[in-house]
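Student: Could you walk me through this structure, step by step? I would like to learn how to read it.

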Amino acid sequence: MSASPEATATRYTADMVLFTERGDVLLVLLIDRRWEPYQGKAALPGGHLDPGEKPEAAARRECREETGIDAPQELIQVGVYNEQGRDPRGDYSTTAFSAVLPDAPDPVPDSDAEAAAWRPVHKVLEGDQLAFDHRRILTDAVAAQRHNIAALLNIQH
């Protein structure tokens with residue numbers, strides 16, 4: 001007996017990687033997931049696309065819903081991530097976007113987020129366990145934003 005088309009269909013999500021700076025420390029916006037999978041684990045803001053919604057619009061909406069923060073107008077598409085097993089719920093493809101947000105407000109968790117906070121990128125990459133493949137997405141976003149991050153931190157190239 002074969003699986004139904006719904007069981008094997010790819011589902012689409014979008015994730016947001018926002019960076020800011022406080023005290024010359026590069027920070028990334030993360031949530032703590034309210035639901036399984038990875039309940040209580042840190043993750044990038046993001047979620048499912050609504051019917052007919054474009055990935056960039058979904059990433060903006062999910063970021064606003066989960067953290068109360070609006071992404072800036074200019075986003076960089078970091079990549080599309082669709083490796084088998086990236087999500088324990090099934091076949092998922094996510095499009096990740098990134099931006100640098102100087103003078104970012106404090107997040108207010110809501111929707112799927114139990115908590116939301118700006119966390120130091122170096123600590124997240126060194127040890128914090130992120131949900132899904134979000135460590136890879138964060139690493140790719142740092143690389144994609146390197147010039148904007150350097151400008152944010154006033155680093156001379």
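Student: In what order do the elements of the chain run from the N terminus on?

Tutor: Happy to start there! The model is predicted, so local features need pLDDT of at least 70 and side-chain atom pairs count only at pLDDT 80 or more, while totals for chains, interfaces and linings use all residues. Residues are numbered from 1 along each chain as its sequence is written, and side-chain values use heavy atoms, with hydrogens and water left out. Helices (H or I, at least four residues) and strands (E, at least two) are DSSP runs, numbered from the N terminus, and the order is α-β-β-β-β-α-β-β-β-α-α-α.

Student: Is Ser98 buried or exposed?

Tutor: Look for Ser98 in strand E6, residues 92-100. Buried means under 20% relative accessible area, exposed over 50%, and partly exposed in between, using a 1.4 Å probe and protein chains only. Ser98 has a relative accessible area of 0%, so Ser98 is buried.

Student: Which backbone oxygen does the side chain of Ser98 reach?

Tutor: Contact means heavy atoms within 4.5 Å. Beyond its neighbours within four places in sequence, Ser98 is in contact with several residues, including Phe19, Ile76 and Ala141. At 3.0 Å, its side chain reaches the backbone oxygen of Val17.

Student: Why does Asp103 count as exposed?

Tutor: Asp103 sits in the loop between E6 and strand E7 (113-120). Its phi is near 55°, a positive value in a residue other than glycine. Asp103 counts as exposed because its relative accessibility is 77%.

Student: And what is the relative accessible area of Ser111?

Tutor: Ser111 lies in the loop between E6 and E7. Although Ser111 is not a glycine, its phi is positive, about 55°. Ser111 is partly exposed, with a relative accessible area of 29%.

Student: What radius of gyration does the chain have?

Tutor: The radius of gyration is taken over C-alpha atoms, and the globule rule is 2.2 Å times the number of residues to the power 0.38. With 157 residues, a compact globule would have a value near 15 Å, and the chain agrees with this at 16 Å.

Notes. Polar contact = N/O pair within 3.5 Å; in protein donor to acceptor, adjacent residues only side chain to side chain.
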